[in-house]
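Morning, everyone. Please have a look at the sequence and the structure on the screen. I'll talk you through them.

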Amino acid sequence: FMSSALQTLLQNPAIWRGSEPARVALPSIATGFPALDRELPGGGWPRGAIAEVLNERAGIGELSLFVPLLARLSAEPGWLMLIAPRWIPYAPALIARGVRLSKLVVVNTQSDKDTMWATEQSLRAGNCSAVLAWPHTLDERGLRRLQLAAEAGGSFAALFGEASHAAPSSPAPLRIRLGGSQNRLSVKILKRRGSGLTPTLWLDTEAPRADVPARVSRLRPSLAFASV
């Protein structure tokens, strides 16, 4: 039998058992996919942390995994930053999923150095709820700088890269691999706080938002762009 003192100790968020995901005290944001929330420490995307998102190939709809996050955070005061995306986001689709475009800023950069600089500055600013960035290369030193910036600003960052170019290990607290097939994304958690193997999840990222009013389709789509 386990003593009451030991039971109380094991409930501390700073302690985790090897067979479980970590319980974290930092606030998290629900992903919009309950199956994924159950596998993430804290039950969602972590604030004050970065996630390395590795794609099997470019253009599989990786942004769709984060549209529920953008919709949720667009109701908050902070900015939503998309830095050096490979394609211009389709504004009407974002509106239809509940994203307020007035909170969304797309940053075009001239080099990978500029992309990393803009990402770090956005994370440190303290007024960005989420930063999604598409750098061409991600090395350990750069990831550590971005993690420290996310901790300082309390922001969440998703950093997209190709799985074939990924380093064997990463200092990012969260690392996932994405694949795609017929409007569905496969999500495999490669690294998370805590331990334990996770199953490959298949998520329907094209599910309609039933709670978005019909009037959003009449809104004029517009995105704010900036260049670095």
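Some ground rules. This is a predicted model, where local features need pLDDT of at least 70, side-chain atom pairs count only at pLDDT 80 or more, and totals for chains, interfaces and linings use all residues. Residues are numbered from 1 along each chain as its sequence is written, and side-chain values use heavy atoms, with hydrogens and water left out.

First, the sheet. Helices (H or I, at least four residues) and strands (E, at least two) are DSSP runs, numbered from the N terminus. Two strands pair if DSSP finds at least two bridges between them. In general, strands of a sheet pair through backbone hydrogen bonds, either parallel or antiparallel.

So in what order do the strands of the open sheet stand? The order is S10-S9-S8-S3-S7-S6-S4-S5-S11. That is nine strands, with mixed pairing. At the edges stand S10 (201–204) and S11 (224–227). Each has a single partner strand, so one side of each has no neighbour in the sheet. From one strand to the next, the twist averages 25°. Angles here run from 0 to 180 degrees between N-to-C directions, and axes are lines fitted to C-alpha atoms, for helices over the stretch in contact.

Now look at one pair. S6 (residues 128–133) and S7 (residues 156–162) run parallel, joined by four bridges. Leu132 stands opposite Ala158 in S7. Helix H6 (residues 140–153) lies across S3 (49–55) and S7. H6 runs at about 135° to S3.

Next, salt bridges. Side chains of opposite charge can pair when their charged atoms come close. The rule here is a side-chain nitrogen of Lys or Arg within 4 Å of a carboxyl oxygen of Asp or Glu. How many salt bridges does this rule give? The count comes to seven.

Take Glu52 and Arg175. Their side chains meet in a salt bridge at 2.9 Å, N to O. Glu52 is in strand S3 and Arg175 is in strand S8 (residues 174–181), so the pair ties together parts 123 residues apart in sequence. Are these two buried or exposed? Both Glu52 and Arg175 are buried. Buried means under 20% relative accessible area, exposed means over 50%, and partly exposed is in between (1.4 Å probe, protein chains only).

Now Arg177 and Glu56. Their closest N and O atoms are 4.0 Å apart. Arg177 lies in S8, and Glu56 in the loop between S3 and helix H3 (67–73), so this pair links parts 121 residues apart in sequence. Arg177 is partly exposed, at 38%. Glu56 is partly exposed too, at 45%.

Glu120 and Arg124 both lie in H5 (residues 112–125), four residues apart, about one turn of the helix. Their salt bridge is 3.3 Å, N to O. Glu120 is buried at 9%, while Arg124 is partly exposed at 39%. Arg145 joins them in a network of salt bridges.

What does Thr115 touch, leaving aside neighbours within four places in sequence? Its contacts (heavy atoms within 4.5 Å) are Ile83, Ala84, Thr109, Trp134 and Pro135.

Val106 is in strand S5 (residues 104–108). The C-alpha atoms of Val106 and Ala84 are 7.5 Å apart, with the two residues 22 apart along the chain.

That's my tour. Over to you.
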